[in-house]
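Here is a short report on how two parts of a protein model meet. Look at the structure first, then read on.

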Amino acid sequence: MEEASVRRDFTRSNRLQARLHDLVPGGAHTYARGADQYPEFMAPILVRGSGCRVWDADGNCYVEYGMGLRSVTLGHGYPPVVAAVRAAIADGVSFSRPTELEILAAEDFLSLVPAADMVKFAKNGSDATTAAVRLARAATGRTAIAVCDQPFFSVDDWFIGTTAMDSGIPAETVAQTVKFRYNDLPSLAAVLRDGRVAAVVMEAATALNEPDPGFLQGVRELCDRYGTLLVFDEMITGFRWSAGGAQAVYGVRPDLSCWGKAMGNGFPISALAGRRELMELGGLRTDRDRVFLLSTTHGPESGSLAAFRAVVREYVTGDPVARMEHAGRLLADGFNAITAEFGIGAQLAALGRPSCLIFVTRDADGQPSQPFRTLFLQELLERGVLGQSFVTSAAHTDADIEATLTACRAAAAVYRKALEQGSVDGLLIGRPVAPAIRRHAEPRRLPEAEPGEAGR
């Protein structure tokens, strides 16, 4: 990867993006993939990928990060996964009765997640988290849900009603979701005391937040004390912290857990898992009123289940987590050394767990800045790096990291120039990026916040 001497051509990508806006609301099927998340007129439309490299409609090649919104941990087109899918779908994709593949996939999943007794597969992360909410409400007879102050849990009303994009969601639905702070047990106790909370929904950890000693154990104890179910969202942590998720790393057993993203290395699959006495409320072996848990046409289709089994084999026989952590450490150490050398380490830095890195972009006053973030994205794109984060995969080699750091050095030089002049004026082409979840399409006042993610 060489430093760009001329601007890359995005002509065909821009034309295709304009057509997407005519056909698809927002011009993308996931808000986090929207053109507003990238520098103006520099939102590549991709045509193929291999390993950690992708190519756009104009023939530009990039090292990609945060691949598939963190769902691709083994690399694009990973041969064992592709071979398993090809063999499975050759015998049919969807049937009118369960298949043996469903048994094998469930056994594989439960072998990795010993805290769960049963599992049910679906397609999207929101399928699983909303099913967990419904199940918790049925099991406890309560209606309120306590969510941690973390970025994203579901596209459904019970969560989206708490965000800026709450249009169309009844106020009485919004009132049933309350929030507490991570690593703050008193804030959780305060929302549980009145006995109306059915479930606590949270990520055990995030890229930037590790649990304080005893925090997760304290959450478990408070849930037990107040008769509330504990639901871990393992969408990101599953297969990235470990094959068994964050619950395996921190040794705390939730009542229910929700999985997706990296389960299929990009193939669409999610899962709700949990204790038998809870999961059976959605089955045929209960004396209680049944819960309409998950009932999806495509949940058990053979292609994604075969992909999941191939992913499991790789995690059992290899060590993808170690490979992505190795790449992440090389990238974070190299990047932070570059920004320190330029004297801008307080404004531009790679932070987080090695397998789940983000970059923070701040202005000269140390405040999170969308214009400065956009400038950094712009300079990386020009030099062949694509990503809203530095989230690595097991496919990122030392050579890929070296190429990325070469691009980062040139981008950091431009970033320092913007800091020195106090703005991105004359350096940024087009408008700044905007938060994916916001009330107005053209924000009247652009919020200044660290990047989040809206894709389930």
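How many Å separate the centres of domain 1 and domain 2, taken over C-alpha atoms? The separation is 30 Å. This is a predicted model: local features need pLDDT of at least 70, side-chain atom pairs count only at pLDDT 80 or more, and totals for chains, interfaces and linings use all residues. Residues are numbered from 1 along each chain as its sequence is written, and side-chain values use heavy atoms, without hydrogens and water.

The domain bounds come from an automatic or database domain assignment. Domain 1 covers 10-76 + 320-421, and domain 2 covers 94-300.

| Item | Value |
|---|---|
| Buried area (accessible area, 1.4 Å probe, lost on being put together, summed over both) | about 1400 Å² |

Carbon and sulfur atoms give 56% of that buried area. In domain 1, Arg70, Ser71 and Arg353 lose the most area to domain 2, together 39% of what that side buries.

The rule finds 1 salt bridge across the interface (a side-chain nitrogen of Lys or Arg within 4 Å of a carboxyl oxygen of Asp or Glu). The side chains of Arg353 and Glu210 also form a salt bridge, at 2.8 Å from N to O.

How values were computed: Buried area is the accessible area (1.4 Å probe) that two parts lose on being put together, summed over both.
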